[in-house]
Amino acid sequence: MFERRGRVILECEEGLAEEDAMELVLSAGAVDMEIQDDNTLCVFTDPTHTASIARLLSASPRVKLKGYEIIWHPNPETSIDIDSTPGGRTTFAQLISQLEEEPDVQAIYHNSI
């Protein structure tokens with residue numbers, strides 16, 4: 001359901017084309033990337049290379065490093081559609097709320113859409 005990935009968050013310069021961004025991140029050794037609406041570039045890496053890729057990317061004058069971390073990334077093949085069941089979204093929100101109140105729960109990950 002989830003896979004361990006590195007995530008590097010970058011702020012792109014205005015006008016950076018998607019092809020140029022893709023070339024930049026792939027040449028640094030990244031696995032994938034997503035461009036957000038606010039000129040933020042989310043780069044996914046092998047978890048063992050996250051810090052080195054972040055350093056390489058931060059050397060580019062076209063992007064500014066905002067941060068990096070190791071995450072559990074949801075696998076899209078196992079995502080669930082909570083809207084396919086009547087009341088599914090409400091039930092799911094209640095479940096997450098109850099889990100967050102539990103003192104033994106340290107983090108919650110899900111891949112619902």
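Guide: Arg-62 has a relative accessibility of 31%, so it counts as partly exposed. This is a value from a predicted model. The side chain of Arg-62 meets that of Asp-20 in a salt bridge, 3.8 Å from N to O. The pair links distant parts of the chain: Asp-20 sits in helix α1, Arg-62 in the loop between α2 and β4, and 42 residues separate them. Asp-20 is partly exposed too, because its relative accessibility is 34%. Salt bridges with shared partners join Asp-20, Arg-62 and Glu-13 into one network.

Why would such side chains pair? Side chains of opposite charge can do so when their charged atoms come close.

The whole structure has five salt bridges. One of them joins Glu-69 and Arg-7, with the closest N and O atoms 2.3 Å apart. Here strand β4 (residues 63-74) supplies Glu-69 and strand β1 supplies Arg-7, 62 residues apart. Glu-69 is at 37% relative accessibility, so it counts as partly exposed. Arg-7, at 25%, also counts as partly exposed.

Another salt bridge brings together the side chains of Glu-11 and Lys-66, at 3.4 Å from N to O. Lys-66 is exposed, with a relative accessible area of 52%. Glu-11 has 35% and is partly exposed.

Now turn to Thr-45, in strand β3. Its relative accessibility is 1%, so Thr-45 counts as buried. A polar contact of 2.8 Å joins its side chain to that of Thr-50. Leaving aside neighbours within four places in sequence, Thr-45 is in contact with residues including Arg-7, Val-8 and Ile-53.

Next, the largest nonpolar core. It has 16 residues, and those with the most contacts inside it are Leu-10, Val-25, Leu-41, Val-43 and Leu-57. The elements that each give two or more residues to this core are β1 (2-12), α1 (18-27), β3 (40-45) and α2 (50-58). Not counting residues up to four places away in sequence, Leu-57 touches Val-8, Leu-10, Leu-24, Val-25, Ala-28, Val-43 and Val-63.

Terms used: Residues are numbered from 1 along each chain as its sequence is written. This is a predicted model: local features need pLDDT of at least 70, side-chain atom pairs count only at pLDDT 80 or more; totals for chains, interfaces and linings use all residues. Side-chain values use heavy atoms; hydrogens and water are left out. A nonpolar core is a set of buried Ala, Val, Leu, Ile, Met, Phe, Trp, Tyr and Cys residues joined through side-chain atoms within 4.5 Å. Buried means under 20% relative accessible area, exposed over 50%, partly exposed in between (1.4 Å probe, protein chains only). Helices (H or I, at least four residues) and strands (E, at least two) are DSSP runs, numbered from the N terminus. Contact means heavy atoms within 4.5 Å. A polar contact is a pair of N or O atoms within 3.5 Å; within protein, one must be able to donate a hydrogen and the other to accept it, and residues adjacent in sequence count only if both atoms are side-chain atoms. A salt bridge is a side-chain nitrogen of Lys or Arg within 4 Å of a carboxyl oxygen of Asp or Glu.
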